[in-house]
Amino acid sequence: MKDDLLSKEYDVIVIGGGATGAGTARDCAMRGLKTILIERLDFTAGATGRNHGLLHSGARYAHTDPESAAECIKENMILKRIARHCIEETGGLFVSLPEDGLDYHEAFIADCLRAGIPAEELDPKEALRVEPSVNPEIIGAVKVPDGSVDPFRLTTANVMAARMNGADVMTYQEVTGFLKEGTRITGVKLRSRRNGEETEIRGRVTINAAGIWGHRLAELAGITLNMYPAKGSLLIFGHRINRMVLNRCRKPGDADILVPGDTICVIGTTSTRIPYDEIDNMEVTPEEVDLLLREGVKLSPQMAWTRILRAYAGVRPLVASDDDPTGRSISRGIVCLDHEKRDGVEGFITITGGKLMTYRLMAQEATDMACKKLGVERKCRTAEIPLPGSEETPDDTRRRSHIIELSTEQKAAEDRHGSLTGKIVSDDDAADALVCECEQVSVGEVNYAIEELHVHNLVNLRRRTRLGMGTCQGELCACRGAGLLERHDKCTQRSLDDLASFLDERWHGMFPVCWGETLVEIQFTSWLYEGVCGLDPTEVNVTENPTQH
Amino acid sequence: MRFDTIVIGGGLSGLVSAIECARAGQKTAVVSAGQSALHFWSGSFELLGNIDGRPVIDNPLGRLGELSEDHPYRKIGEEKLRELLGKVPGIISDAGLKCTGSLDRNHLRLTPLGFLKPAWLTLGDYVSFAADQPLPWKKVALVNIYSYLDFYPRFLEYGLKKRGVECTISNVNIPQLDTLRKSTTEMRATNMSRILTDSAVDALAAEVDKAAKGADAVIMPAILGIYSDAPVERLRNRVSVPVWFVPTTPASVPGVRCQLSLRDLFIRLGGEFLPGDTVKGGYFEKNRLRRIHTVNLGEMPLEADNFIISTGSFFGHGLIADMERIYEPVFGLDLNVTGGRTEWYRKDFYASQPYMSYGVVTDSCFRPSRKGETVENLYATGALLAGFNALKEGSGAGITLATALHAASSLT
């Protein structure tokens, strides 16, 4: 297959397997461009997989950044149409605590309405009735159409859509340099992170959608981008505390959003500028954990006695405005750079800034620019056509009429794969057997992910299926998953290495919150794998940096 | 209610000390909260399998000098350890289990992932080898049950091949197990073991025998004999080559078997077993524990001359960690924990984790203290104790058993 890729010349090379890159590859492919998507690790390994999973209504930005707010609500409505299997329409509340006062609250409703965001004032008593987990001390509440979005699912769906429209996709390929003819970029040099093999791929336009790593990519192309990594830390709880998204009604600050998603809920974030050389080594500090809990319990007091599953951190790719060399004026909006105009480098575009919510719009802007460079005139249709998994199927109508009774694991799979669930083999007992009991992942679902969703290791499998994301954090399913992956991979040593690395990766998110049941769980995991199973760290190769899966 | 000795904790340590007390004629009670580390037992007891990352084979008890000074083994001393641990095979056998192994030399057990690890005693039906000798087979049939996910023949094959053993892999099925498959979570070892008796074993044996063609031995997951040896004997009698077992992920069939067998032995010896109950606290008088209260018995106290606490480590809830501190929840016993939560762990999962060696500090007779004062009639045993990393040392069962027997011998 690789030889096929090499002999082609692509119209567009998209670098970066986050939501933006995947969305751009989808848009390009849908407009008939010969496209390849290249990711240095796994899809969603960067900021896409390390945020709240909040489907913003835009209300958060209504006061400070009306333009972003208007973008958000527009994209919010679009995603509810095209990505419904990735989304949960939970609704959201902006609540005011006595310490916040009501000044912001009053301006807030007007700001929302101005930006086109339906915002409805609720009496605090009514707010407590619709959302019993909220702090009973609230003095004001506003209901907005916030929701949750699963960024793993969303990205996978975009990758699949790109592929269905003829795009090629490569993961674990790191860009080591660019091919150049004069001042024009004509392709990329790649090195496989799996076997070290080096290749070159040619393309007429290259789009840098690598998030914070785009800074480095631009450097490789001889271009300076002023990017500022801002670290945001979050905590995941073992179950859902809240039904609706809870926000503090005040100027955006630390730990003021609690998002319910899937089987868990997430509090975040902090915001700290970090040096660029730390972006591959995200670790949540004890101080951040303290801050998240201290502020979080103000939103929902239950948090104080809810089990924390793990902590994680992502890096926002903030970009300094080009006209401000000091980097003080940071834009939170979408930045789409034509490097031919900006730097005299032809065939190269950077799409960055923005947020998960606006990934589709970012993809549209980048694709518009690419089309212009290629002289192609085709309209963007990504806002109208549903993503794979979100199409209306005959099953939907049947289910609505309550004729079909689904088992819990089938429901879980439906939530994850939408209308594509039919691709999961479920007609025999062996395929139905559960690998991950916490998240109800069956053998059939694991096999589907391995065969269709670019799964090479347990971390990939976790991102596609939620295997190992539940309360046991892989304790009982990691070896089952490794056993199934080995059947496909056939390299036993690599499977053992992968299993050992996966346990280390799980631990990395657990040690910042290692007390209570989390400590109980990890001690059990250690005894099970190192003890009973005899997994010997001297006989396996553990991936050194757990964020590099 | 009054007893001579009350044991808090119904795991391996608690049961063994209680058995010895009851055997000596004491009126003994065990208060057991529920499952214990035995529920994921490998089928082997380890004594001392590793020092500084190197496997220990010969004369493990001669290596005590290499352990830290306050290690439980050193508190007991080599001679006394030999005497105490020498009783273990007898106790196991009284409970109705067979095991092999010696205090003078570790053997190797085969783990579910195909690694070989030093062990002291291994149940008779489980795979173990003499160290430093070629494996006794040329060809082994690895036989799994169709759709069972907790047995890893490819990992076992990989481990055995490195030692020059050829393997065949097959899946077998019998209709008796189909009911389990109707539910997606029921194909687990302990569930199968409840079905695999009598004629179901005969049916399984016929399938296993077919899969064993041309092999010197069969290796299967540990899915037989949760209540007795009878299904295992029956299977072995009907398969033409020797059949051996490898433990599975929890719940472990040999573990449940061992726990039930020891419990039954204790009850046969006249002991009082109080299952599903948790000790809330105790009443102390002049550094002696007079009585304890449990959740189920409410206001009615349990009194005894002596007490043994064997509540385990964190996963036994013998130790509790919250955001600020680690404590022993029953009596607030003194621990060896220093520093806040960032001191409790290392970032490398496979490093020796400090929390693993946390526990109750004791005097040389394993009597713990409260606020610096030794409790004169309370003994702490097993994983609750401080000062060792049983996982890295491969010493968990040895310490558990030795300290349990030591406490019992102090009281009888």
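Helix H17 (residues 492–510) of chain A and helix H18 (residues 516–532) of chain A have axes that come within 11 Å and cross at roughly 165°. Axes here are lines fitted to C-alpha atoms, for helices over the stretch in contact, with angles running from 0 to 180 degrees between N-to-C directions. Helices (H or I, at least four residues) and strands (E, at least two) are DSSP runs, numbered from the N terminus.

This is a predicted model, in which local features need pLDDT of at least 70 and side-chain atom pairs count only at pLDDT 80 or more, while totals for chains, interfaces and linings use all residues. Residues are numbered from 1 along each chain as its sequence is written, and chains are lettered from A and ligands numbered from 1 in the order in which they are written.

H17(A) and H18(A) are therefore roughly antiparallel to each other; angles under 35 degrees count as roughly parallel, over 145 as roughly antiparallel, 65 to 115 as roughly perpendicular and the rest as oblique. The crossing of H17(A) and H18(A) is left-handed, the term for a near helix turned anticlockwise from the far one by less than a right angle, with clockwise being right-handed. On H17(A) the contact is made by A:Leu503, A:Trp507 and A:Met510, and on H18(A) by A:Thr518, A:Ile522, A:Thr525 and A:Tyr529. Two residues are in contact if their C-beta atoms, placed from the backbone, lie within 7 Å. By class, the H17(A)–H18(A) contact has five nonpolar, two polar and no charged residues. Ala, Val, Leu, Ile, Met, Phe, Trp, Tyr, Cys and Pro count as nonpolar, Asp, Glu, Lys and Arg as charged, and the others, Gly among them, as polar.

### Domains

Domain bounds come from an automatic or database domain assignment.

| Chain | Domains (residues) |
|---|---|
| Chain A | domain 1 (2–47 + 152–226 + 322–374), domain 2 (88–148 + 229–319), domain 3 (395–532) |
| Chain B | domain 1 (2–98 + 256–411), domain 2 (127–246) |

In chain A, the C-alpha centres of domain 1 and domain 3 are 30 Å apart. Nine residues of domain 1 of chain A and eight residues of domain 3 of chain A take part in the contact. Helix H6 (residues 151–164) of chain A gives the most to the domain 1 side, with three residues. That side of domain 1 of chain A has four nonpolar, three polar and two charged residues.

In chain B, the C-alpha centres of domain 1 and domain 2 lie 33 Å apart. The contact joins four residues of domain 1 of chain B to six residues of domain 2 of chain B. The domain 1 side of chain B has two nonpolar, one polar and one charged residues.

### Contact between the chains

Chain B puts 37 residues in contact with 42 residues of chain A. Helix H5 (residues 153–162) of chain B supplies the largest share of the chain B side, three residues. The chain B side divides into 21 nonpolar, nine polar and seven charged residues.

### Two sheets of chain B

One open sheet of three strands in chain B has the order S8-S7-S10, with antiparallel pairing. Two strands pair if DSSP finds at least two bridges between them. Strand S8 (116–119) and strand S10 (128–129) of chain B are the edge strands, each pairing on one side only. Strand S7 (residues 107–110) of chain B pairs with S8(B) over four bridges, and B:His107 has B:Ala119 in S8(B) as its bridge partner.

Another open sheet of three strands in chain B has the order S3-S9-S6, with antiparallel pairing. Strand S3 (44–45) and strand S6 (99–100) of chain B each have a single partner strand, so one side of each is left without a neighbour in the sheet. S3(B) and strand S9 (residues 121–123) of chain B share two bridges, and B:Phe45 stands opposite B:Leu121 in S9(B).
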